[in-house]
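Here are some friendly notes to read alongside the model. Keep the viewer open and look up each residue as it comes up.

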Protein chains: 2
Amino acid sequence: MTESAAGAGTGTRRQAVDQLLAFLACGELNAFERTATDSRFAPTISDRVELAGHAVTEWRHYELVAGRLTERGVDVNAAMSVYEAPLQTFHDRTRPRDWYESLMKAYVSDGMVNDFYRAFAAHLDPSTRELIERVLGQTGHSAFIVDRLRLAIADDNRLGGRLALWGRRLVGEALSQAGHAAERGGPGMMELLGDDNQQAGAGEESGASSGAAPDEPGARISRIFAMMTEEHSRRMMALGLSA
Amino acid sequence: MTESAAGAGTGTRRQAVDQLLAFLACGELNAFERTATDSRFAPTISDRVELAGHAVTEWRHYELVAGRLTERGVDVNAAMSVYEAPLQTFHDRTRPRDWYESLMKAYVSDGMVNDFYRAFAAHLDPSTRELIERVLGQTGHSAFIVDRLRLAIADDNRLGGRLALWGRRLVGEALSQAGHAAERGGPGMMELLGDDNQQAGAGEESGASSGAAPDEPGARISRIFAMMTEEHSRRMMALGLSA
């Protein structure tokens with residue numbers, strides 16, 4: 001009922017949207033836990049309160065997406081459990097050791113999650129697209145985080161160097177685990193992007209990436225990852241760091 | 001404006017109520033962070049979701065109490081910061097090592113927090129009392145936790161022994177840090193209980209505790225702690241454990 005003519009198509013397509021939403025729900029649940037946990041690093045009680053508030057926003061996003069999955073007749077916990085391992089591995093491998101590393105992690109991962117889902121937005125039915133935009137549009141973190149990171153980096157050259165290195169580690173682990181997650185989601189998730197070359201993509205990339213068949217899943221995910229890496233560099237530059 | 005004739009009295013009394021509320025707000029903020037953090041121990045994703053939901057309830061309690069403090073003209077962060085150290089020490093010294101220890105910690109600390117605030121309830125103006133009852137009445141944890149702990153203990157004798165020990169450590173650390181917190185709150189907080197002997201206490205304790213002057217702050221806090229220890233034993237028995 002919630003899907004437009006464009007999206008209602010096959011069962012596979014419907015399942016792929018379910019997978020995309022389940023990945024998002026599990027990501028928001030993780031983001032909630034991580035943000036709440038990292039607030040222990042906060043230097044002042046007002047930073048703790050601020051961060052706890054962000055965590056609760058992430059929980060609300062989880063609830064929104066989980067609610068939609070339930071409406072779609074999906075068993076939310078079962079659907080999320082597919083993505084538990086790669087998300088957990090990402091977090092285990094990128095445990096921040098202090099307040100700045102935790103802010104940086106939030107900044108980098110929020111950015112990458114936004115990039116990832118925005119790549120799908122044009123291929124989704126309006127109702128799903130709207131949900132995703134609502135969830136991603138509300139991070140609100142960014143101003144708070146960019147503010148604090150910029151000030152600290154301007155103040156301390158060595159911190160900048162350490163955070164630039166940390167940023168590279170974060171982006172590497174995030175892409176590697178996103179790759180595993182996309183595999184676990186099955187081919188369906190990436191096939192959502194298949195329309196790319198028929199619908200929108202007459203020009204642009206198709207000439208450049210002449211090696212791989214343009215709608216092969218591996219090529220599609222590489223395109224997204226390349227875009228995410230580029231956006232990551234842009235975000236690091238916004239902090240005065242090199243990616 | 002929110003205080004009744006019974007409570008509006010002196011500025012000291014008003015400040016004591018502010019302190020009591022600030023301690024509660026800081027405790028709920030801590031509880032939020034701990035519950036959210038401990039959800040990493042959850043054995044299944046549905047337990048994770050359940051625990052995350054409890055954490056968010058604790059955040060809402062924080063917001064309620066912080067909102068009331070703001071209405072009372074109190075700088076919430078400054079008022080809470082007085083209690084940050086003892087609460088942090090309690091949590092640092094009682095880091096759960098697994099799912100059951102984290103459930104047990106939530107069970108024991110929720111119970112003790114309830115006992116502590118209920119001891120004050122009769123001495124507060126109706127509006128403050130109502131707020132505290134609203135916050136404490138909504139833990140909702142308990143059924144979920146008691147359920148899981150009981151099953152696990154019935155299943156594994158050694159776990160029961162370990163958790164009984166853990167319970168004793170929790171109660172000891174909690175009382176010790178609550179003592180520090182009460183000191184930090186200044187004499188006002190305990191003086192809220194001073195009415196005890198004039199108003200309600202013609203009989204009961206006054207005969208038994210003939211050694212200390214009945215309204216000396218140290219004696220008051222000992223009475224509360226004795227009651228909390230007793231209630232703790234009752235809660236441990238409810239799990240089939242000895243305190």
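1. Start with how the two chains are arranged. Chain B is superposed on chain A by a rotation of 180 degrees with 0.0 Å of shift along its axis, at an RMSD of 0.0 Å. The two copies are thus related as by a two-fold rotation axis. In chain B, Thr37(B) has the C-alpha nearest the axis, at 2.5 Å from it. The superposition is by least squares on the C-alpha atoms of residues with pLDDT of at least 70 in both copies.

2. Some ground rules before going on. This is a predicted model, in which local features need pLDDT of at least 70 and side-chain atom pairs count only at pLDDT 80 or more, while totals for chains, interfaces and linings use all residues. Residues are numbered from 1 along each chain as its sequence is written, chains are lettered from A and ligands numbered from 1 in the order in which they are written, and side-chain values use heavy atoms, with hydrogens and water left out.

3. What does one chain look like? Chain A has twelve helices and zero strands, where helices (H or I, at least four residues) and strands (E, at least two) are DSSP runs numbered from the N terminus. Of its 243 residues, 53% count as buried; buried means under 20% relative accessible area, exposed over 50%, and partly exposed in between (1.4 Å probe, protein chains only). Among contacts in chain A between residues at least 6 apart in sequence, 81% join residues at least 24 apart. Contact here means heavy atoms within 4.5 Å.

4. Now the interface. On chain B, 25 residues are in contact with 25 residues of chain A. The two chains bury about 2,200 Å² between them, with 61% of it on carbon and sulfur atoms. Buried area is the accessible area (1.4 Å probe) that two parts lose on being put together, summed over both. Since 100% of the interface residues of chain B are also interface residues in chain A, the copies meet through the same surface.

5. Which pairs link the chains? The count between chain B and chain A is four salt bridges, a salt bridge being a side-chain nitrogen of Lys or Arg within 4 Å of a carboxyl oxygen of Asp or Glu. One of them joins the side chains of Glu84(B) and Arg48(A), at 2.8 Å from N to O.

6. Where does the touching side of chain B come from? Helix H2 (11-38), helix H3 (45-71) and helix H4 (76-93) of chain B each supply at least two of its residues. The largest share, eleven residues, comes from H3(B). This side divides into twelve nonpolar, seven polar and six charged residues. In this grouping, Ala, Val, Leu, Ile, Met, Phe, Trp, Tyr, Cys and Pro count as nonpolar, Asp, Glu, Lys and Arg as charged, and the others, Gly among them, as polar.

7. Look next at Val56(A), in helix H3 (residues 45-71) of chain A. Val56(A) is buried, with a relative accessible area of 1%. Leaving aside neighbours within four places in sequence, Val56(A) is in contact with Phe32(A), Phe32(B), Val56(B) and Trp59(B).

8. Salt bridges also occur within a chain. Asp98(B) pairs with Arg162(B), the closest N and O atoms being 2.8 Å apart. Asp98(B) lies in the loop between H4 and helix H5 (99-121) of chain B and Arg162(B) in helix H8 (residues 157-184), so the pair ties together parts that are 64 residues apart in sequence. Arg162(B) also forms a salt bridge with Glu101(B), with the closest N and O atoms 2.9 Å apart. Arg162(B) is partly exposed at 32% relative accessibility, whereas Glu101(B) is buried at 0%.

9. Last, Asp47(B) is found in helix H3 of chain B. Asp47(B) is buried, with a relative accessible area of 6%, and its side chain makes a polar contact with that of Thr44(B) at 3.0 Å.

Key. Polar contact = N/O pair within 3.5 Å; in protein donor to acceptor, adjacent residues only side chain to side chain.
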